[in-house]
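The tour goes from one selection to the next and says what is found at each stop.

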Amino acid sequence: MTPPHPAHDVTEHVGYRLKRAAAALRGAMDKALRERGLTVPQYACLELLDQRPGLSNAELARGTFVTRQSMNVVLRGLQDADLISRPATTDHGRALPAHLTEAGRERLDAARSAVYAIERTMVEAFPQRRLAALLADLDRMAKALGG
């Protein structure tokens, strides 16, 4: 079988390089967020709720790339830690809109600075003039695969 582009071994394939970069990012984020009492999915959930308060479990699951069942666990943990609030029932439909609490906003602010520092380190590893092209290329790759 001929590879899709010239490569001497698996480590030269685009997918391998993307996975390696994603694993490095996830490891750095896991460490930084653990020190702030959060997991990566919890942080992503808090970020989404800061941008769009009132999202449902299903919307949060889609936005954080986890299953609805996993998001239930994430939301339960955030609620138990008093970082988000959700009503026990809703007037319409089954969706229970989630909102950040003041403690959730404070935890997000602390975590965000750590995550932004990680991203800054990543971005500073290559010329700034190439950032827009990199982002566009990543978007095209995701779109090509239906994402």
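Start with P87, which sits in the loop between β1 (84-85) and β2 (99-100). The model is a predicted one. Is P87 buried, exposed or partly exposed? Its relative accessibility is 33%, so P87 counts as partly exposed, because that class lies between the cut-offs of 20% and 50%.

Next, select two helices, α2 (residues 40-51) and α5 (residues 102-123). Their axes lie 10 Å apart, and the helices pack at an angle of about 115°. Angles of 65 to 115 degrees count as roughly perpendicular, and α2 and α5 are therefore described that way relative to each other. Turn the view to look at the crossing: α2 passes α5 in a left-handed one.

For the last stop, clear the selection and pick V14, L18, L134, L135, L138 and M141. Show them as a surface. Together these residues make a nonpolar surface patch of about 450 Å². Which elements give two or more residues to the patch? They are α1 (14-34) and α6 (131-144). The largest share comes from α6, with 4 residues.

With a relative accessibility of 38%, L18 counts as partly exposed.

Notes: Residues are numbered from 1 along each chain as its sequence is written. This is a predicted model: local features need pLDDT of at least 70, side-chain atom pairs count only at pLDDT 80 or more; totals for chains, interfaces and linings use all residues. Side-chain values use heavy atoms; hydrogens and water are left out. Patches are made of residues with over 30% relative accessible area and no salt bridge: like charges are joined within 9 Å, nonpolar side chains (Val, Leu, Ile, Met, Phe, Trp, Tyr) within 5 Å. Accessible areas come from the Shrake-Rupley method with a 1.4 Å probe; for residues, only the protein chains shown count as cover. A salt bridge is a side-chain nitrogen of Lys or Arg within 4 Å of a carboxyl oxygen of Asp or Glu. Buried means under 20% relative accessible area, exposed over 50%, partly exposed in between (1.4 Å probe, protein chains only). Axes are lines fitted to C-alpha atoms, for helices over the stretch in contact, and angles run from 0 to 180 degrees between N-to-C directions. Angles under 35 degrees count as roughly parallel, over 145 as roughly antiparallel, 65 to 115 as roughly perpendicular and the rest as oblique. A crossing is left-handed if the near helix is turned anticlockwise from the far one by less than a right angle, and right-handed if clockwise.
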